[in-house]
Each structure stands twice: as structure tokens, then as C-alpha cells.
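I opened my notebook and went through one model, element by element. Here is what I looked up.

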Amino acid sequence: QVQLVQSGGGLVQAGGSLELSCEATGTIFTINRMGWYRQAPGKQRELVARITTSGTTDYADSVKGGRFTISRDNTKNTVHLQMNSLKPEDAGVYYCNLEGGVGWRHSYWGQGTQVTVST
């Protein structure tokens with residue numbers, strides 16, 4: 001089993017920055033991808049960014065261009081999401097995710113953390 005523990009998040013003014021962190025413990029796939037998903041009220045959970053063990057990244061169109069940066073430390077099984085120039089539409093509950101196995105069929109979720117962006 002894999003456990004994901006998140007930290008960070010909170011309230012920030014538009015234009016500000018926040019960092020989210022997530023640590024994975026347990027039996028972790030050697031090759032995996034870790035990422036962040038966001039769920040706004042009344043909307044489906046959507047991918048924000050993810051990164052593989054080898055460092056390949058994937059970002060949602062809404063955060064491309066350097067506003068958000070995902071990184072990971074494979075020695076500590078942690079993933080971080082640096083969020084800059086935050087907009088009200090970036091708000092929601094952010095979930096850490098880890099996928100592994102053939103076809104990324106094993107998926108685990110963190111407990112979620114609220115990000116609120118005030119105008």
C-alpha cells in the first residue's frame with residue numbers, strides 16, 4: 001500500500017504564490033508518476049501537473065508557461081508544486097496522486113488540501 005501525505009496550501013491573494021508538497025510512503029513502484037489534481041466546487045477533478053520518475057512533466061494548459069512548476073525528489077519520494085501568479089480560477093481542493101504499475105493502473109490519492117485565491 002501507498003500513503004500520500006500532503007502539506008501546504010491555504011489562502012493567498014491573487015498574484016501570490018503557494019507551494020504544495022506531498023510525501024509518499026509504503027511500497028512504492030520504482031517507476032511511477034506523481035502529480036497534482038484540482039477539484040473546484042461543482043467540477044470534476046482535473047490534472048494540474050504530473051512528473052514521472054525520470055523527470056518527464058505534463059501540465060494542464062491553464063498552468064503552462066511557467067506559472068506552476070512541478071518537481072520531485074526521488075530519494076525522498078516527494079513531489080512539490082510551486083504555484084506562482086495565482087488566479088481565482090486556480091482555487092480548489094488539490095490532491096496529490098501517485099500512479100504505478102503496467103498502464104499506470106495503480107493509483108493512490110492524498111487527503112486533499114484547500115487552495116483559496118482571493119481577489
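**Ground rules.** I worked on a predicted model, where local features need pLDDT of at least 70, side-chain atom pairs count only at pLDDT 80 or more, and totals for chains, interfaces and linings use all residues. Residues are numbered from 1 along each chain as its sequence is written, and side-chain values use heavy atoms, with hydrogens and water left out.

Entry: I first noted what a strand is: a DSSP run of at least two residues marked E, numbered from the N terminus. Two strands pair if DSSP finds at least two bridges between them. Strands of a sheet pair through backbone hydrogen bonds, either parallel or antiparallel.

I found an open sheet of 4 strands in the order E1-E3-E8-E7, with antiparallel pairing. E1 and E7 are the edges, and each has a single partner strand, so one side of each lacks a neighbour in the sheet. From one strand to the next, the twist averages 15 degrees. I then looked at E1 and E3, which share 7 bridges in the antiparallel sense. Gln3 has Thr25 in E3 as its bridge partner.

Entry: Is E5 mostly covered or mostly open? It is mostly covered, since I read that 5 of its 7 residues, in the stretch 46–52, are buried. Buried means under 20% relative accessible area, exposed over 50%, and partly exposed in between (1.4 Å probe, protein chains only).

E5 pairs with E4 (residues 32–39) in the antiparallel sense over 6 bridges. Trp36 stands opposite Ala49 in E5. The hairpin of E4 and E5 has 6 residues between the strands, and Gly42 there takes a positive phi near 75 degrees.

E5 also runs antiparallel to E6 (residues 57–59), with 3 bridges joining them. Ile51 stands opposite Thr57 in E6. This hairpin has 4 residues between its strands, and Gly55 in the turn has a positive phi of about 100 degrees.

**Entry: the disulfide.** How many disulfides does the structure hold? I found 1. A disulfide counts here as a pair of cysteine sulfur atoms within 2.5 Å. Cys22 is joined to Cys96, S to S 2.1 Å. Cys22 sits in E3 (residues 18–26) and Cys96 in E9 (residues 92–100), so the pair ties together parts 74 residues apart in sequence. The angle about the S-S bond is -85 degrees, a left-handed link. Both Cys22 and Cys96 are buried.

**Entry: the core.** A nonpolar core is a set of buried Ala, Val, Leu, Ile, Met, Phe, Trp, Tyr and Cys residues joined through side-chain atoms within 4.5 Å. The largest one here has 29 residues, and Leu4, Trp36, Leu81, Met83 and Tyr94 have the most contacts inside it. E3 gives the largest share, 4 residues.

Contact means heavy atoms within 4.5 Å. Not counting residues up to four places away in sequence, Tyr94 touches residues including Trp36, Leu81 and Met83.

**Entry: Asn97.** Asn97 lies in E9. Its relative accessible area is 1%, so I logged Asn97 as buried. What does its side chain reach? It reaches the backbone oxygen of Tyr108 at 3.1 Å. A polar contact of 2.9 Å also joins the side chains of Asn97 and Ser107. Such a contact is a pair of N or O atoms within 3.5 Å; within protein, one must be able to donate a hydrogen and the other to accept it, and residues adjacent in sequence count only if both atoms are side-chain atoms.

Notes:
Axes fitted to C-alpha atoms, helices over the stretch in contact; angles between N-to-C directions.
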